[in-house]
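Today I opened my notebook to look up some salt bridges. Here is what I wrote down, step by step.

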Amino acid sequence: MQAMLVLLVCAALASTDVSFLKQYPNFENNPPFILPVNFGEDLDKKTGYGSPSGQWFRSAKGGHIGYSMSGGVMRPGDPVYVLLNDNPANQKVRFRLSKLNKEYKTLSIIDEQSTSSDVSKQIRYSTKLPEEQDALYLLSIEVLSPNYGIEDNYEIEDTLLAPIHVPKQEIKSSITLNKHSYTNQDQLKLKITNQGPTVLLTGLPYKLQKYNTSTSKWENANIFRQFTLQGIRLEPGKSYEQKIKIDDLDKGRYRIIKNVTVLEISELKQTLIAEFEIE
């Protein structure tokens with residue numbers, strides 16, 4: 001999946017209905033790598049590449065060339081792309097996909113291409129990620145001065161950088177309730193725990209079903225619920241709690257259903273189910 005990491009506005013995390021709990025100790029000694037939400041900050045310092053100068057690429061410093069590029073969390077073998085909406089006159093552009101270690105230092109160059117800026121108005125680059133999991137890459141675009149080609153004698157005039165993280169293609173999570181039997185005057189609390197190794201995404205929506213003893217089937221409960229659609233980011237080893245309204249439920253056997261996905265990889269998903277009784 002081609003994706004720029006979306007910064008989720010998780011206002012619900014500060015509410016009384018959703019709260020993060022302490023990190024689980026089994027991740028303290030060997031925590032999985034997590035691409036931070038602010039993954040674009042200080043990439044030049046972390047990787048040793050140049051910083052955006054504003055000479056060519058559009059940024060807070062200036063520049064006139066708009067662009068789109070891959071970055072964030074992706075899957076093994078996903079296509080990687082760059083589109084520059086204009087070209088820097090009389091310059092060359094170097095595209096590079098590098099493999100990094102978890103300290104953002106270059107291990108190897110996966111692919112490198114240089115393009116003359118006079119080929120067209122737009123400049124495109126594409127390649128594919130290796131079929132490797134739990135890997136970190138850097139996609140870099142550099143504008144090179146006319147001295148490019150003279151060994152050790154060229155100037156990098158502007159730089160764009162984007163990290164790409166390919167996590168393990170796993171999803172492990174669990175759901176628990178604070179009790180099994182309730183009256184409709186009680187408060188039901190569910191807890192979802194991320195057992196790693198990937199960052200998960202869930203939300204407030206849930207589904208309630210009631211067991212029909214006549215048909216021996218689960219049926220959607222005859223209730224009405226409204227939800228806000230903010231995303232809830234859940235890192236490995238962490239949990240969140242959510243209060244569930246049950247004061248309009250009749251006596252019977254119920255189950256609550258919640259969906260979770262791997263952040264930015266919606267194909268990796270899990271359906272969590274917990275049963276309870278209303279007495």
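Which side chain meets Arg225 in a salt bridge? I looked, and the partner is Asp248, at 2.9 Å from N to O. I reminded myself that this is a predicted model.

Next I checked where the two residues sit.

Asp248 comes out at 35%, which makes it partly exposed.

Then I turned to another pair. The side chains of Arg96 and Glu112 form a salt bridge too, with 2.9 Å from N to O. I found Arg96 in strand E5 (residues 92-100) and Glu112 in strand E6 (residues 106-116); they are 16 residues apart, and the pair links distant parts of the chain. Arg96 is buried at 13% relative accessibility, whereas Glu112 is partly exposed at 36%.

My next entry is about Asp186 and Lys179, whose side chains meet in a salt bridge at 3.1 Å, N to O. Asp186 is partly exposed, with 29% relative accessibility. Lys179 is also partly exposed, at 38%.

How many salt bridges does a search of the whole structure find? I ran through the whole structure and wrote down twelve.

Key
Residues numbered from 1 in each chain as written. Predicted model: local features only at pLDDT ≥ 70, side-chain atom pairs only at ≥ 80, totals over all residues. Heavy atoms only, no water. Salt bridge = Lys/Arg side-chain N within 4 Å of Asp/Glu carboxyl O. Helix = DSSP H or I, 4+ residues; strand = E, 2+ residues; numbered from the N terminus. Buried < 20%, exposed > 50% of the residue type's maximum accessible area, 1.4 Å probe, protein only.
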